[in-house]
Amino acid sequence: MNQAIDVMEFRKALGAFVTGVTVVSTRQADGTPRGFTANSFTSVSLDPALLLICIGKTAASYPVFSDTQQFSISILAEDQKQVSSIFASKAADKFEQVAWHQGVTGSPIIDGAAAWFDCVTHQLVDAGDHIILIGRVVDFSNTAASPLGYGRGAYLTFSLSQDALAATGQRAKVGAILESNGGVLLLETDKGYQLPTGTRLEPASDSKSLRGVLEQLGVDAQLDFLFAVFDEPAAEGGAVNIYYRGRVQGDLPADSKLRVVAMDEIPWDRLADEAVRSMLQRFVRERTEDAFGIYIGDSHAGSVQSLAKA
């Protein structure tokens, strides 16, 4: 078959595979450290201990790593999103912005990583628009830290998701940004539009939980990723707001309260909650770019910060 493949769609399909996030590092010929963020990492063999990383031929680091005799792979912990962002950037002083130490091969290893591997180059394989750099592990370390995940264009912070699920001890609003047929599901009320929300995530038998609210509305939803966590000011109740992004599955009931609104037609002036409006605007922008982050902050629109941008 010679059917042409849509490269962008192919990339999106590959994004369904959840991976870890690594920093690949080595020493350049002049001894200075060089590194980049990558998730195209996998184990190859246990005996001998081999692993691999894929590097694009158009990457700035390609000339260095295609000729290196040693390299390290640091699997980032979930609190190292900033490290990932630094090494994904074009900053010239990456290693001056993070803590690291030298491995037995001389390659830099990121401090605080969930695990790391120090390798000598075993084999270099040409593979289309990438090379496959296979390393033989000469030293490694593993910790109890939770790893940073990545999938569908977003970082996955597992303990943060667990914290959100357990956030029932204080006043909470748990909501969802649900996509359907290219639009976003909004609930029409006397005060304007809002997203489906509850006071907790589960169970569906609780009419005040998000699952319970969705069930009462007749909406079958798949919640995929945590999208935002922010606190209300104490004057407004001080509730922690937790929002997931997900998808409507199946058909919606013929309910006049439910609206699927195209992302470029959302009536922003009818979203009364300023923080929710700002959050949803970010969602639309990041959906357009197919690159999501997790946001943590307070409910003032200007202070909600992106901790992860892919």
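This is a short walk through one protein structure, from the whole chain down to a few residues.

Okay, hi everyone. Before anything else, please keep in mind that what you're looking at is a predicted model.

Let's start with the overall picture. The protein has 310 residues, and 44% of them are buried. Counting secondary structure, we get six helices and 21 strands. Now take the contacts between residues at least 6 apart in sequence: 61% of those join residues at least 24 apart.

In what order do the seven strands of the open sheet come? Going across, it's 3-2-6-9-10-5-4, and the pairing is antiparallel. At the edges sit strand 3, residues 33–38, and strand 4, residues 41–45, and each of these pairs on one side only. From one strand to the next, the twist averages 35 degrees.

Let me pick out one pair in there. Strand 5, residues 50–56, and strand 10, residues 130–142, run antiparallel and are joined by seven bridges. If you want a spot to look at, find Ile55, which stands opposite Ile131 in strand 10.

Next, a helix that goes with this sheet. Helix 3, residues 81–88, lies across strand 2 (22–27) and strand 3, and its direction is at about 115 degrees to strand 3. Which residues of helix 3 are buried? Those are Lys81, Val83, Ser84, Ile86 and Phe87. The cover over them includes strand 2 and strand 3 again, plus strand 8 (108–110) and strand 12 (154–156).

Now two single residues. Gln70 is in strand 6, which spans residues 70–75. Is Gln70 buried or exposed? It counts as buried, because its relative accessibility is 18% and the cut-off for buried is under 20%. Leaving aside residues up to four places away in sequence, Gln70 touches Thr26, Arg27, Thr105, Ser107, Cys119, Val120 and Thr121.

Then there's Leu14, which you'll find in helix 1, residues 7–14. Leu14 is exposed, since its relative accessible area is 51% and exposed means over 50%. Together with Ile5 and Phe10, Leu14 makes a nonpolar surface patch of about 330 Å².

Notes. Residues are numbered from 1 along each chain as its sequence is written. This is a predicted model: local features need pLDDT of at least 70, side-chain atom pairs count only at pLDDT 80 or more; totals for chains, interfaces and linings use all residues. Side-chain values use heavy atoms; hydrogens and water are left out. Two strands pair if DSSP finds at least two bridges between them. Helices (H or I, at least four residues) and strands (E, at least two) are DSSP runs, numbered from the N terminus. Axes are lines fitted to C-alpha atoms, for helices over the stretch in contact, and angles run from 0 to 180 degrees between N-to-C directions. Contact means heavy atoms within 4.5 Å. Buried means under 20% relative accessible area, exposed over 50%, partly exposed in between (1.4 Å probe, protein chains only). Patches are made of residues with over 30% relative accessible area and no salt bridge: like charges are joined within 9 Å, nonpolar side chains (Val, Leu, Ile, Met, Phe, Trp, Tyr) within 5 Å. Accessible areas come from the Shrake-Rupley method with a 1.4 Å probe; for residues, only the protein chains shown count as cover. A salt bridge is a side-chain nitrogen of Lys or Arg within 4 Å of a carboxyl oxygen of Asp or Glu.
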